[in-house]
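The entries below follow the order in which I looked things up.

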Amino acid sequence: MKASKIAYRPVGLALGAASGMIAGAAFKQAWKTIGHDDDAPDATDEDRTWQEVLLAAALQGAIFAVVKAAVDRAGATTVRRLTGTWPG
């Protein structure tokens with residue numbers, strides 16, 4: 001295993017935690033904008049429809065995937081600029 005990959009691991013973990021918080025906030029704001037309530041439905045929420053539960057899950061998954069990819073890519077690009085090597 002390359003030294004740059006090992007050195008990047010703690011950075012990747014920190015970026016992963018940050019991307020989770022960013023994605024959570026973005027999803028909450030998006031749901032407020034398109035949803036009827038402040039809170040997104042849980043899968044076991046009896047008072048919500050299938051359509052509402054599945055829409056919330058799809059939106060949350062898409063937002064998390066995009067934010068994670070953007071943060072990971074930005075982190076790798078920054079490491080390359082600083083060290084000259086790609087961390088992957």
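**Entry 1**

I began where helix H2 stops: Gly84 follows H2, and the phi of Gly84 is positive, near 90°. I note here that the model is a predicted one.

I then looked at H2 itself, which runs over 50-83. H2 holds 34 residues and reaches 49 Å from its first C-alpha to its last, close to the 50 Å expected at 1.5 Å a residue.

I listed the buried residues of H2 as Glu52, Val53, Ala56, Ile63, Val67, Val71, Gly75, Ala76 and Val79.

**Entry 1: the whole chain**

I stepped back to the secondary structure and found 2 helices and 0 strands in the protein chain. The radius of gyration is 17 Å, well over the 12 Å that the globule rule gives for 88 residues, so the protein chain is more spread out than a compact globule. I also took the spans of the C-alpha trace along its principal axes, which are about 55 × 25 × 15 Å.

How much of the protein chain do buried residues make up? They account for 20% of the 88 residues. The accessible surface comes to about 6,400 Å², and 62% of that surface belongs to carbon and sulfur atoms.

I checked how far apart in sequence the contacting residues are. Of the contacts between residues at least 6 apart in sequence, 51% join residues at least 24 apart.

**Entry 2: the nonpolar core**

Which residues form the largest nonpolar core? I found 7 of them: Ala23, Phe27, Trp31, Ala56, Ile63, Val67 and Val71. Helix H1 (3-34) and helix H2 (50-83) each supply at least two residues of this core. H2 gives the largest share, 4 residues. I set a general remark beside this: in soluble globular proteins, nonpolar side chains tend to be buried together.

Leaving aside neighbours within four places in sequence, Val71 is in contact with Leu15 and Ser19.

Is Ser19 buried or exposed? Ser19 is buried, with a relative accessible area of 6%. Not counting residues up to four places away in sequence, Ser19 touches Val67, Lys68 and Val71.

I looked up Ile34 next and placed it in helix H1. Which residues does Ile34 touch, not counting those up to four places away in sequence? I found Leu55 and Leu59. I also took a distance from Ile34 to Arg9: the two are 25 residues apart in sequence and 37 Å apart in space, C-alpha to C-alpha.

Pro41 sits in the loop between H1 and H2. Pro41 counts as buried at 10% relative accessibility, because buried means under 20%. Beyond neighbours within four places in sequence, the contacts of Pro41 are Trp31, Arg48, Glu52, Val53 and Ala56. Trp31 and Ala56 are both among the residues of the largest nonpolar core. From Pro41 to Ala76, 35 residues along the chain, the C-alpha atoms are separated by 34 Å.

**Entry 3: salt bridges**

How many salt bridges does the structure hold? I found 3.

I took the one between Asp72 and Lys68 to begin with, where the closest N and O atoms are 2.6 Å apart. Asp72 and Lys68 are 4 residues apart in helix H2, so about one helical turn separates them. In general, an α-helix has 3.6 residues a turn, so residues three or four places apart point the same way. Asp72 is partly exposed at a relative accessible area of 25%, and Lys68 is partly exposed at 45%.

Asp45 pairs with Arg48 at 3.6 Å between the closest N and O atoms. Glu52 pairs with Arg48 as well, and there the closest N and O atoms are 3.3 Å apart.

Asp45 is partly exposed, with a relative accessible area of 27%. Arg48 counts as buried at 16% relative accessibility, and Glu52 is buried too. Arg48 and Glu52 are also among the contacts of Pro41 from the previous entry.

Methods
Residues numbered from 1 in each chain as written. Predicted model: local features only at pLDDT ≥ 70, side-chain atom pairs only at ≥ 80, totals over all residues. Heavy atoms only, no water. Core = buried A, V, L, I, M, F, W, Y, C linked by side-chain atoms within 4.5 Å. Buried < 20%, exposed > 50% of the residue type's maximum accessible area, 1.4 Å probe, protein only. Contact = heavy atoms within 4.5 Å. Expected span 1.5 Å × (residues − 1). Rg over C-alpha atoms; globule rule 2.2 N^0.38 Å. Areas by Shrake-Rupley, 256 points an atom, 1.4 Å probe, with all protein chains shown as cover. Salt bridge = Lys/Arg side-chain N within 4 Å of Asp/Glu carboxyl O.
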